[in-house]
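Thanks for coming. I will go through one structure this morning, starting with the overall figures and ending with a few residues.

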Amino acid sequence: MIVITGQLLREARKYEETAEKMIAACDRPAFHLSARTGWMNDPNGFSFYGGKYHLFYQYHPYDCLWGPMHWGHAVSEDLLHWEYLPAALAPDELYDRDGCFSGSALALPDGRQLLMYTGVLREQQADGSVRETQTQCLAAGDGTDYEKYEKNPVLTAADLPEGCSAQDFRDPKIWRRGDGTYRCVAGNRRGDGNGQILLFESADGFSWKYKKVLAGNGGRFGRMWECPDFFPLGGKWVLLTSPQDMLPSGFEYHNGNGTMCLIGDFDEETETFTQRHDQSVDYGIDFYAPQTLQTPDGRRVMIGWMQNWDTCGIRAQEARWFGQMSLPRELSVENGRLYQRPVRELELLRHDRRAYQGVTVSGELSLEGVQGRTVDLELSIRPQEGQELYRKFAVRFAQNDKYRTSLSFHPGDSILKIDRKFSGSRRAIIHQRRSLVNSRNGRLKLRIILDRFSVEVFVNDGEQALTATLYTEQAAAGISFYADGAVRMDLVKYDLGD
Ligand code: FRU
C-alpha cells in the first residue's frame with residue numbers, strides 16, 4: 001500500500017472532495033469529462049489499466065485559471081461515464097515544485113501503473129532573472145496512489161545533444177514495444193526556435209537515454225511542438241503534435257496553437273520516421289494536446305483538451321470548473337488521411353430516435369422532435385433534384401430568440417463554417433472558423449454531437465472534425481435548418497444520455 005505523505009497532495013485531495021459537491025451534475029457536460037473542480041487542461045496518462053480506462057489531466061483545483069499543475073484523475077469503463085479519483089500528483093518535490101506538467105501512463109509487467117511526466121523548476125538567478133528547467137520524471141502506483149521515483153528526474157537537458165532547449169523539454173508519451181523495451185517521445189525546441197520531437201529508449205521503463213530526433217519542424221509549423229504521440233495505424237505511423245504560435249496556411253492551419261499530425265513510414269530497425277503527409281487534426285476552435293490509447297479490442301482512440309489557449313476567457317467568472325475533454329474518437333488512416341469518429345460506445349447512449357427522409361429545406365425549417373442540447377444528429381444533404389445548386393445550407397442549434405450557434409455550408413466554394421458569435425459569449429475572442437471540406441455537387445454528410453457545453457462535428461464519416469465549446473444557457477435548446485435555394489436532407493436524430 002502507498003501512503004500519501006505529501007502535504008500538497010493531501011490538501012488537494014481534501015479540497016477537491018468538498019469543492020466537487022458544490023457543482024450540480026446538470027451544470028457539467030453529460031458525457032464529456034470536465035475538471036472535478038477548478039481548472040483542467042491537457043489529457044494526461046490516457047491508458048487502460050486494471051480493467052478500466054484511466055484519464056489524468058492537467059489540473060489546478062483551487063481556481064478556474066491555470067496555476068501550479070497537479071494531475072487530476074478519473075476512470076471509466078466505457079470512455080463516457082467517468083468517475084473521479086483523488087488527484088494523483090501534486091508539485092511537491094524540488095524537481096517539480098513549479099508544476100507536474102503533461103505526460104503519459106502505462107501498465108508495467110509487475111502490475112504497477114507507471115506515470116511519466118514533466119517536472120518544472122523555476123530558479124531565481126544571481127542577475128534577478130528566472131531560469132526554468134523542464135525534466136522528465138516518473139511515479140509508479142496502484143491506479144489510485146502513486147509514489148514518485150527516488151531517482152527522479154530520469155531525463156534532463158544533460159541527456160540531450162547540444163542546441164536542445166532545457167526549458168522547452170516536455171510532455172513525454174511512453175509506450176512498450178513488442179520486444180518488452182520502452183520508448184518515449186517528448187517535445188523540445190532547438191536554439192533556432194524550431195520545435196522537434198525527440199525519441200528516447202529504455203530497457204525497463206525507469207532508466208532512460210536519448211536516441212534521436214524523430215521529426216523536426218524545419219520552420220514549417222509554428223514554433224515549439226507540444227504533447228507528441230506516436231503510434232502505428234493502418235500500415236502507417238502517425239505523429240501527433242500540438243504546435244504553438246502557428247501561422248495560418250490556407251484553410252488547413254489557423255493562427256495560434258493548433259493540433260496537427262504527420263503521417264508516414266517508420267523503419268522499426270533504424271527507428272527512422274519518413275513523413276508523407278501533414279494535416280490539421282481538428283478544424284474547429286477548441287481542440288488541443290490530444291493523446292491516444294489502444295483499447296483492449298485494438299482500437300486507437302484519441303481524446304483532446306476541448307479548449308484552446310487563445311480562447312480560455314470564454315466562461316463566466318462565477319463558474320466553478322473550467323476545461324473539458326473532447327469525445328474519445330476512434331482513429332483510422334484512410335487514403336493517407338487521419339479519420340476520426342466518436343467512439344462506438346456513444347451509440348449505447350442513444351435513445352428517442354427521430355428520422356426524416358428526403359425533407360426539402362428551402363428557407364427556415366424546424367422539425368418535430370428535433371431539439372435538445374445532448375443530441376446526436378446525422379444528416380446528409382444534396383441539391384433538390386431538377387433545381388440549380390443551392391447557395392447556402394445551415395444548421396442552427398443551442399438556439400432561442402436570443403442565442404444560436406450555427407454550422408453553415410457554401411457548396412460553391414466547399415466551405416463549412418462554425419460560428420458561435422451569438423452563443424452568449426461576451427468576449428472578443430475567436431468565434432468562427434472556416435474549413436474546406438470535401439464535397440461534390442453540393443453533397444455533404446455531417447454528424448453533429450451536442451453536449452451541454454460543446455459541439456463536435458464529424459464531416460463525411462470522419463474525414464474532418466470541427467470542435468467548439470459553447471456556454472449558452474441550457475434553455476436555448478432549439479435546432480433548425482436553413483437553405484438559400486433548395487436542399488434535400490435525410491436526418492436521424494437521437495437524444496444522448498442515461
Ligand atoms: C500544452 C501544455 C504542455 C504542458 C502543459 C502545462 O497545453 O503547454 O506543453 O505540459 O500544457 O499545463
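First, the conventions. This is a predicted model, so local features need pLDDT of at least 70 and side-chain atom pairs count only at pLDDT 80 or more, while totals for chains, interfaces and linings use all residues. Residues are numbered from 1 along each chain as its sequence is written, and side-chain values use heavy atoms, with hydrogens and water left out.

The protein chain has one helix and 31 strands. Those are DSSP runs numbered from the N terminus, H or I of at least four residues for helices and E of at least two for strands. The radius of gyration is 23 Å, close to the 23 Å that the globule rule gives for 498 residues, so the chain is as compact as a globular protein of that length. That radius is taken over C-alpha atoms, and the rule is 2.2 Å times the number of residues to the power 0.38. Along the principal axes, the C-alpha atoms fill a box of roughly 70 × 50 × 50 Å.

Of the 498 residues, 62% count as buried. Buried means under 20% relative accessible area, exposed means over 50%, and partly exposed is in between, with a 1.4 Å probe and protein chains only. The chain exposes about 19900 Å², and carbon and sulfur atoms supply 46% of it; the areas come from the Shrake-Rupley method with a 1.4 Å probe, and for residues only the protein chains shown count as cover. Among contacts with a separation of 6 or more, 59% are between residues 24 or more positions apart, where contact means heavy atoms within 4.5 Å.

Now the charges. Their mean positions, for 59 positive and 68 negative charges, are 4 Å apart. Lys and Arg count as positive, Asp and Glu as negative, and His and the chain ends are not counted. Each charge is placed at NZ of Lys, CZ of Arg, CG of Asp or CD of Glu.

How many salt bridges does the structure hold? There are 43, each being a side-chain nitrogen of Lys or Arg within 4 Å of a carboxyl oxygen of Asp or Glu.

R36 pairs with E20, the closest N and O atoms being 2.7 Å apart. R36 sits in the loop between α1 and β1 and E20 in helix α1, 16 residues apart. R36 counts as buried at 9% relative accessibility, whereas E20 is partly exposed at 23%.

R299 and E330 form a salt bridge, also listed with closest N and O atoms 2.7 Å apart. R299 lies in the loop between β17 and β18 and E330 in strand β20, so the pair ties together parts that are 31 residues apart in sequence. Both residues are buried.

R329 meets E456 at 2.9 Å, N to O. This pair links strand β20 to strand β29, 127 residues apart. R329 is at 0% relative accessibility, and E456 is at 0% too.

Last, F409. Is F409 buried or exposed? At 1% relative accessibility, F409 counts as buried. F409 is in strand β25. Leaving aside neighbours within four places in sequence, its contacts include I381, Y390, F393, I415, L416, V437 and L444, along with R391 and K392. The C-alpha atoms of F409 and R434, 25 residues apart along the chain, are separated by 9.5 Å.
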